[in-house]
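Subject: Handover of a structure

Dear colleague,

Please find below the structure that I am handing over to you. A short account of the findings follows it.

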Amino acid sequence: MMKKRVLIIFMALFFVDVSAQQEGFRAEVNVGPTVGDASAYFSFVLQGNFYYMWQIAQTVDLGVTTGVIMFLGDGNSDNSGGIFGSIPDVFLPLAIAIKAHFSSSFFMGLDAGYGVSANAFGSSDGDFIEDGNGGLYLRPLIGFNLKKKLALIVSYSSVNEKYGASSAISLGVNFGF
């Protein structure tokens, strides 16, 4: 009997009418720990994204996204004693976003593009830093619609630069307007 209830709940979650498309302007805020190469230098990441999505099929949205990713924590010490005690690693992603809706409450997506390094323009002599100008930006995500214009997001973000990847796992909220 319990197995039937679990099966019915599972089917209700994944096979209901898909009506929670995310077309239009959306904003998102995320926070989480760093992983991989970035964890040797930074403790956590703060990320903010802005999206504009178009519904291209009944269950698929396609759009563009940009925002900011800040890797914070130990970092590259500048001995300034500032609020973070280090120079954060900052990226400005420019990407295409796609989301596939599997039900009115569950979707998966991918943001793919280029993460421009904001640190590349911040050398002390004002010159462009050749080795740190950004790299391939990938962000697979899973989302759960809490309301029509509010979703909970779990994601993995990565900017693959010439000498390593800045990556993080994060939890966030996505708001529609």
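The paragraphs below describe the chain as a whole and then the pairing of its strands.

This is a predicted model, in which local features need pLDDT of at least 70 and side-chain atom pairs count only at pLDDT 80 or more, while totals for chains, interfaces and linings use all residues. Residues are numbered from 1 along each chain as its sequence is written, and side-chain values use heavy atoms, with hydrogens and water left out.

The chain contains one helix and eight strands, in the order α-β-β-β-β-β-β-β-β along the sequence. Helices (H or I, at least four residues) and strands (E, at least two) are DSSP runs, numbered from the N terminus.

Of its 177 residues, 39% are buried, that is, under 20% relative accessible area with a 1.4 Å probe, protein chains only. The accessible surface (Shrake-Rupley method, 1.4 Å probe) is about 9700 Å², and carbon and sulfur atoms contribute 69% of it. Among contacts (heavy atoms within 4.5 Å) with a separation of 6 or more, 57% link residues 24 or more positions apart.

Strands pair if DSSP finds at least two bridges between them. Strand E6 (residues 134-147) pairs with strand E7 (residues 150-161) in the antiparallel sense over nine bridges, and a hairpin of two residues joins E6 to E7. Tyr137 lies opposite Val159 in E7.

E7 also pairs with strand E8 (residues 164-176), in the antiparallel sense over 12 bridges. Two residues lie between E7 and E8 in their hairpin, and Asn160 has Ala165 in E8 as its bridge partner.

Yours sincerely

Methods: Buried means under 20% relative accessible area, exposed over 50%, partly exposed in between (1.4 Å probe, protein chains only).
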